[in-house]
Amino acid sequence: MTRWLLAAVCLSLAGCGPLKTHEQIIHDGLVYCSEGNPESFNPQLDTSGTTVDATSAQLYNRLIDYDAEQQIFVPGLAHRWETLDQGQRYRFHLRQQVNFHHTPWFSPTRPFQAEDVLFSFQRWLDPQHPYHTINGGQYPFFRASGLMQLIARIEIIDPWTVDFVLTRIDSSFLANLATDFAVILSAEYAQQLTEQGTPELLDRQPVGTGPFQFIEFRKDSFIRYAANPSYWQGKPAVNHLVYAITPNANKRMLKLLTGECDVIAYPLVQELEQLDDNTTIKVTRSASPNRAFWAFNTARPPFDQTLVRQALAHAINRPAMIQTIYHGQAQLAAGILPSTSWAYQANATGYPYDPQRAKELLKQAGFPNGFTMSIWAPAIQRVYNPNALRMAELMQADLAQVGIEAQIISYEWNTFRQRMARGEHDTALIGWVADNADPDNFLRPLLSCEAVRSGANRTNWCDPDFDQQLLAAIQLTDKEQRQQLYQRIETHVMHQVPLLPIASSLRFEAHRQNITGVELPPYGGIRFGNARRLTHVPL
Amino acid sequence: MFRFSLRRILLFSITLWLLSIFTFSLNYWYPGNTLTNMSGVTPAMDTYHDEANARAMDSTIFRQYGQYIAHLTRGDWGLSLTSQEPVFPRLMQQLGATVELMILGALLAVLVGVPLGVYAALQQRQWQDRLILSLSLSTYSIPVFWFAQLAILLFAIQLDWSPVTGQIHPLYAIDTQTGSILVDIWLSDIPYRASAWVNALKHLWLPTLVVALIPLTMLVRMIRSAVLDTLQLNHIKAARVRGLSDRTILVKHVLPTSIQPVLREAGLQFSVLVTNIMIVEVIFNWPGIGSALVKSIFERDYPVLQGGVICLAMLILAVNFAVDLIHAWRFPQVRDVIDED
C-alpha cells in the first residue's frame, strides 16, 4: 500500500514539475491564430489585410496615427506637426530617443531620425532609389491613393524636423499618412544590407520601431515575435507573440475552444451565437468601413458594355446573400461609400433584384441568349466576405435564371491576388477595407486610372472624367462642398457600375476571456501592443 | 545474393532515372516560363540570366537535362515561387517531420498489430479471434480523413487529452533543425526541455495513432493468416511431436516463417502509409512534406511541388528497395522467385 502511495506521489510530482513551467510559458506569451501567410514583412509592398494584420502595428510605427473614436489624428513618431504655405507644406517634429529594434542581424548605432523618414518615403517615391525595385517595386497603396503624385519632395530641416512639400493642396494627406502602410523603416539597416549585398532582406527580416520585434517566420506554420524591451511607449505586457497560421476557419474555432489560440481572426459568422454563450470566450463586434463588391473586368468583353454590367447587377439577389452568407450580420450596400463615412448619402439608388429587367437589358446589349462567364471567388474568409465561394454559388444560380452560365474559379489567396492584378478574371467577388476615414479612400484606390496601372483596380475601369472629379473633390477644403461632389461622383459610378457593391460586414474577433487589450481599429490592422493576459478571469 | 542485389540496384536506378525524366518534363508541361518552373527564378529577378546560363537554357534539351540532374544532386532545388526561399533545406525539414510520424506510426502498428495477429491466430475461431477480426475489418473500412476528424472531436474537443493540431504549442520556441520535433527538442538548448517533451508528446500521439491504424489492421489480418498457414506446415507438426513447448515453437519456428509473406506485403503497403500520412498532415497541420505538397498544388508553386514529388517518390522507392533486399537476404528461397517476377 505504502509502495503504491509512494509511486503515486512520484508520478504526480513528475506530472506537476513540467506542467508548472508549461503554465509559465503560456502565461508569458499570446497566440493569435491568423488566416494566412503575410506576403512580406513590409506593408508598403501590398494591401492585403493579412500582411497588414501581421506586420504594421506590431513591427512598425507611423508618423501619426488616427484615433477613430475621437476622429482626430494623434501623434506617432512625430509628436507635433503643422501646416505651412496654405497647406502645401507639412512640417513634422519627430520624437527623440526612439530606438529601432536590436536584433541578431542588426544593432542600431543611433536613434530614429529624419533620415529614416526620408528613406522610408523615398523608397517608393523615387524610382531611382536603390531600394525602389527591391522585392517587386510595387507600392499599390501609395500608387492607388495618389500619394506618389502628391508628395513633391521631402526636406530634412534638422535631424528631428522634416518637411513634406505637396504638389497641390490635398485634404486627405494626413489621413493617408496615418494608414498602416506609411510605416517608418530604418535607413541605417538598409545601408547595412546594401553593404552586405542582401537588400531583399529589408522586407523579410524586418527592423522597425514597433512594440514587437521579428524573430522567425515559417511559412504555413507560424510567425514569432518578441516584445521590444526598449519600446518608446513602454515594453508590451506580452513577451512572446506568436501568429499560428491556421487557414481553416473551423480549426481556428476549435483551437480557440481548446485554448490553443488566445485570439482568432475571422471567427465563423454562423457560429458567433454559439460562441456568445460560451463563458470562456468573448466575441467583439465592431463597425468596419468595408465593402464586399462584385468587380467586372471592363477590359474584357462583354463587361466593357454598361448595359451588360447593369443587367448583371439586376440579376443577383443581394438581400438573400445578407441572410445566407452574413447571417444578417451585415448591411446591404446601396452605394460605394459605407454608411460610416461622412460623405455617405442615404438616398443612394441601388440595383434592386429584378431578373426580368436584367433579361431586357441583356437583350438590348445584344445577348438575348446570355453568355458564359467566370466568377472568381477567394477561398478564404475576408472581413468583408465570410464565404465568397458560397456567395458565388448563389450568384451562379441567380445568373442561370437570366440565361448566363457562370463558372466559379478559385486559387490560394496570394495567387488569387496576383492573377487578378494581371487581369485574368472576368468578374471577381472581392472587397475593400478603407485605410482611413476620408471618402477619397473608397474611390481612388479602387477605381481610378492610376489604380488600373498598379493592379489594384480590379475592374480595369478607367474614366478620365471620374478621375478629374476626384481630383477636384480632394482639393476642396469645405466639407459640405466636398460631400456634394462625392455624391455626384457616386451617382456617376453607380450608373456605370464597374463594380456592384454587395454588403458591408461587421468585423469580428474572438478571444479567450482572460485576454484583454487586443485592439481592432476600424481603419487598420489588429494591434497587440497593449494586449495582456490576466492571471485570473475577471468576474 | 550478389546477383540478386545487383539486379535490384539496377532496377532501382532505372526507376530513379525514369522519375527524374518525368519531373524534368513536368517543367515543360506546366504553364508559364520553363526556367521559372524549374528554378523559381522569375524574369524580374537580377539572377535570371545567370540562372538561365547555369541551367543551359539556350542549349539542347539533353544538356538542360544534364544541368537539371547536376542541380538536383547538388541540393540546389530552386526557390519557392511564393516565399523565395530555397526549396531543398525546407523540404528536408519537412521530410524530418514526415519521417517522424512515419516511423512512430509504423512502430505502433508493428508493436500492436503483430501480437494481436498472432493472438488471433492462436485463438482461431474463438470469440477473441472473431472480435479482433471484426474490429480490424471495421477500422480498416473507415477512411483516414474521417477517422482523423472523429478522433479530433473526441480526444481534443470532448476529452481534452490532446490539442487540435500542430507539432507543439507555438509558444515553445524550438529551433527547427531536423524537422522532427522530438529530435529538435533534444538538440535545442532551452531550459524547459522536459515540459517541451511532454507538450510535444501530447501533440504527437493522436496523429501517430491515426497514421498507424490502417497499417495496424492490415498487419493483424496478414499475420493471422500467415501464422495459420505456418501452423499447418510439417516442420511445426514435427516440432510438436518432439515435445517442444508451445512457446518455443511459436517464437523459434512459427514467427520467423510467418514473417516472410508479411514482409513482402509490408513493402507494398508502404505507399498506402505515405498516402495516409499526407492526409493526416493536412488535417493535423503537421508541417511535413505531405501538407507542403498539397499546399504547393493550391499555390501553383512548381519548384516545391516538384521537390515534394521527388522526395516522396524516392522515399517509397528506397523503402521498397530496402525491403526487397532484407527479404531476399533473410529468405534465400524467395530470391529466384522474385527474380522470375
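**View 1. The annotated span of chain B.** An unreviewed UniProt entry lists residues 95-327 of chain B as "domain: ABC transmembrane type-1". The model shown here is predicted. In the model, this span is 80% helix and 0% strand. Its end C-alpha atoms, those of residues 95-327 of chain B, lie 26 Å apart.

View 2. The unreviewed UniProt entry gives "transmembrane region" for residues 9-30, 101-122, 131-157, 204-223, 266-284 and 304-323 of chain B. Residues 9-30 of chain B are 95% helix and 0% strand. The end C-alpha atoms of residues 9-30 are 32 Å apart. Residues 101-122 of chain B are 100% helix and 0% strand. For residues 101-122, the end C-alpha atoms are 31 Å apart.

**View 3. Chain B as a whole.** Chain B has 14 helices and zero strands. Its C-alpha trace spans about 80 × 55 × 35 Å along the principal axes. Of the 341 residues in chain B, 36% are buried. Contacts in chain B between residues at least 6 apart in sequence were also sorted by separation: 67% join residues at least 24 apart.

**View 4. B:L201 in helix α9 of chain B.** B:L201 is located in helix α9 of chain B. This residue counts as partly exposed because it has 14 C-beta neighbours inside 10 Å. B:L201 and B:G166 are 35 residues apart in sequence. Their C-alpha atoms are 11 Å apart in space.

**View 5. The largest nonpolar core.** The largest nonpolar core has 215 residues. A:L63 and A:L429 have the most contacts inside this core. Helix α9 (residues 193-231) of chain B gives the most to the core, with 17 residues. Beyond residues up to four places away in sequence, A:L429 touches A:W294, A:I375, A:W376, A:A377, A:N385, A:A388, A:M391 and A:A392.

**View 6. Strand β9 of chain A.** Strand β9 (residues 222-227) of chain A is mostly covered. Six of its six residues are buried. A:F222, A:R224 and A:A226 point one way from β9(A). A:I223, A:Y225 and A:A227 point the other way. Residues on both faces of β9(A) are buried.

**View 7. The partners of β9 in chain A.** Strand β8 (residues 212-218) of chain A runs antiparallel to β9(A), joined by six bridges. A:E216 stands opposite A:R224 in β9(A). The hairpin of β8(A) and β9(A) has three residues between the strands. In this hairpin, A:D220 takes a positive phi near 70°. Strand β10 (residues 240-245) of chain A also pairs with β9(A). That pairing is antiparallel, over five bridges. Here A:A226 stands opposite A:H240 in β10(A).

**View 8. Contacts between chain A and chain B.** Across this interface, 28 residues of chain A are in contact with 24 residues of chain B. On the side of chain A that touches chain B, two or more residues come from each of α1 (2-28), β1 (29-34), β9, β10, α8 (249-258) and α14 (413-421) of chain A. α1(A) gives the most to this side, with seven residues. The residues on the side of chain A that touches chain B divide into 10 nonpolar, 10 polar and eight charged.

**View 9. Domains 2 and 3 of chain A.** Chain A is divided into domain 1 (1-60 + 210-286 + 506-539), domain 2 (61-185) and domain 3 (290-505). The C-alpha centres of domain 2 and domain 3 of chain A lie 32 Å apart. At their contact, 19 residues of domain 2 of chain A meet 17 residues of domain 3 of chain A. On the side of domain 2 that touches domain 3, α4 (140-145) and α6 (173-177) of chain A each supply at least two residues. α4(A) gives the most to this side, with four residues. The side of domain 2 of chain A that touches domain 3 of chain A has seven nonpolar, eight polar and four charged residues.

Methods. Residues are numbered from 1 along each chain as its sequence is written. Chains are lettered from A and ligands numbered from 1 in the order in which they are written. This is a predicted model: local features need pLDDT of at least 70, side-chain atom pairs count only at pLDDT 80 or more; totals for chains, interfaces and linings use all residues. Domain bounds come from an automatic or database domain assignment. Two residues are in contact if their C-beta atoms, placed from the backbone, lie within 7 Å. Ala, Val, Leu, Ile, Met, Phe, Trp, Tyr, Cys and Pro count as nonpolar, Asp, Glu, Lys and Arg as charged, and the others, Gly among them, as polar. UniProt positions are given in the numbering used here, feature names are shortened, and annotations may be inferred rather than shown by experiment. A residue is buried if 20 or more other C-beta atoms lie within 10 Å of its own, exposed if 12 or fewer, and partly exposed in between; C-beta atoms are placed from the backbone. Two strands pair if DSSP finds at least two bridges between them. A nonpolar core is a set of buried Ala, Val, Leu, Ile, Met, Phe, Trp, Tyr and Cys residues joined through C-beta atoms within 7 Å.
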